[in-house]
Amino acid sequence: MHDRIEQAADLLARSRNAIALTGAGISTESGIPDFRSPGGLWEIIDPGEFSIDRFLQNPGRFWRIHLDLKASGHFDLASAQPNPAHYALARMEQLGVIKTVITQNVDNLHQKAGSIEVVEFHGNLLRATCIKCRALEPIGDVEARVATGEEGTPRCRKCGGLVKPDAVFFGEAIPPKALSVSHVQSQRTDVLLVVGTSLQVYPAAQIPLSVKLRYPPAQVIEINREPSALHKQVTDVLLLGSAGEIVQRLAETVEERIAAMAC
Ligand code: NAD
């Protein structure tokens with residue numbers, strides 16, 4: 001492991017345009033379950049509940065399930081705090097190494113940890129949006145209206161349209177700006193740091209494939225508890241274990257390398 005962290009740190013310290021792609025696994029050490037690991041969300045809730053079709057069929061039912069999930073303590077994003085992996089990525093951005101974090105997460109923890117350039121590929125579950133006029137409001141305000149019984153099916157204060165969490169549901173398109181920024185960054189990057197994602201959800205999983213298919217290919221560093229579905233095709237340096245521990249060690253080693261290179 002030590003040698004591979006050194007190898008990964010070397011790649012990052014020498015990179016010109018490193019970016020990170022993160023998934024639910026980076027936030028499990030903040031107490032938020034991922035989807036597919038043992039104890040993950042799919043053991044608690046039917047993934048179909050997060051499909052846009054089912055939401056549109058019965059939005060009131062979705063919001064009740066959402067509140068129950070939050071009350072159960074399994075998915076209380078508002079109270080979650082960043083862990084050392086989020087802080088280490090923010091530190092590498094401050095050092096000028098990581099230029100952008102593309103996250104599939106909807107938990108706002110990169111921003112809470114201090115990362116500035118964050119692409120929310122799947123939106124943000126701390127916001128709610130009107131599906132008609134796209135007005136945004138804090139999700140807590142909508143939750144309060146449902147919880148107090150003021151509204152069973154919450155409606156937009158501006159236009160009366162249906163309100164849903166501002167996260168991408170199954171069957172919905174990726175926000176166009178997130179898609180285009182990710183595409184540009186993937187074209188430019190020379191080192192892609194993949195953290196805590198099984199790379200089974202598309203089009204996000206296309207990002208590591210695309211950086212390998214172009215010439216010259218980027219180097220891919222992967223940090224996961226279990227190897228991703230694409231590790232054989234894309235990964236150059238595989239670091240298996242806790243993201244909190246490994247990303248922190250990696251950032252410290254990168255910082256040492258940069259200091260040494262400056263001497
Ligand atoms: P996933 O559940 O498919 O895979 C998680 C990956 O992270 C696995 O490879 C697992 O081995 C690894 N992992 C888990 N805990 C880890 C840890 N502590 N350290 C290192 N690796 C760890 O998640 P995914 O690939 O992100 O795809 C599923 C979708 O889940 C995403 O679209 C995302 O929007 C959504 N999601 C987000 C959150 C969140 O915002 N925190 C939580 C659950 C699901």
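Where is Asn108 found?

A: Happy to take you there. Keep in mind that this is a predicted model, in which local features need pLDDT of at least 70 and side-chain atom pairs count only at pLDDT 80 or more, while totals for chains, interfaces and linings use all residues. Residues are numbered from 1 along each chain as its sequence is written, and side-chain values use heavy atoms, with hydrogens and water left out.

Asn108 sits in the loop between β2 (98-103) and α5 (109-113). Helices (H or I, at least four residues) and strands (E, at least two) are DSSP runs, numbered from the N terminus. The backbone at Asn108 has a positive phi of about 70 degrees, although Asn108 is not a glycine. With a relative accessible area of 22%, Asn108 is partly exposed; buried means under 20% relative accessible area, exposed over 50%, and partly exposed in between (1.4 Å probe, protein chains only).

Arg134 also has a positive phi of about 70 degrees without being a glycine. Its loop runs between β4 (123-130) and β5 (136-138), and Arg134 is partly exposed at 47% relative accessible area.

Let us step back to the domains. The protein chain is assigned domain 1 (2-32 + 81-122 + 174-262) and domain 2 (41-78 + 127-167), with bounds that come from an automatic or database domain assignment. Taken over C-alpha atoms, the two domain centres are 30 Å apart. Where they meet, 7 residues of domain 1 are in contact (heavy atoms within 4.5 Å) with 7 residues of domain 2. About 510 Å² is buried between the domains, and carbon and sulfur atoms give 52% of this area. Ile32, Val106 and Glu120 supply 58% of what domain 1 buries against domain 2, more than any other three residues. Buried area here is the accessible area (1.4 Å probe) that two parts lose on being put together, summed over both.

Arg127 and Glu120 meet in a salt bridge through their side chains, at 3.0 Å from N to O. The side of domain 1 that touches domain 2 has 2 nonpolar, 2 polar and 3 charged residues. For these classes, Ala, Val, Leu, Ile, Met, Phe, Trp, Tyr, Cys and Pro count as nonpolar, Asp, Glu, Lys and Arg as charged, and the others, Gly among them, as polar.

Lys164 lies in strand β6 (residues 163-167) and counts as buried at 2% relative accessibility. Its side chain makes a polar contact with the side chain of Glu172 at 2.9 Å. A polar contact is a pair of N or O atoms within 3.5 Å; within protein, one must be able to donate a hydrogen and the other to accept it, and residues adjacent in sequence count only if both atoms are side-chain atoms. Leaving aside residues up to four places away in sequence, Lys164 touches Ile52, Phe55, Trp63, Ala128, Thr129, Ile131, Phe169 and Glu172.

The whole structure holds 15 salt bridges. Among them, Arg145 pairs with Glu151, their closest N and O atoms being 2.5 Å apart; Arg145 is buried at 3%, and Glu151 is buried at 15%. Within it, the side chains of Asp10 and Arg14 meet at 3.2 Å, N to O. Asp10 and Arg14 are separated by about one helical turn, because they are 4 residues apart in helix α1 (residues 2-14). Asp10 is partly exposed at 26%, whereas Arg14 is exposed at 56%.

Another salt bridge joins the side chains of Glu255 and Arg91 at 2.4 Å, N to O. This pair links distant parts of the chain, with Glu255 in helix α10 (residues 243-262) and Arg91 in helix α4 (residues 84-94), 164 residues apart.

Finally, two prolines. A cis peptide bond joins Tyr202 and Pro203, with omega about 10 degrees, and Pro203 is placed in the loop between β7 (191-195) and α8 (206-213). Tyr215 and Pro216 are also joined by a cis peptide bond, with omega about -5 degrees; Pro216 is found in the loop between α8 and β8 (219-224).

Note on methods:
Salt bridge = Lys/Arg side-chain N within 4 Å of Asp/Glu carboxyl O.
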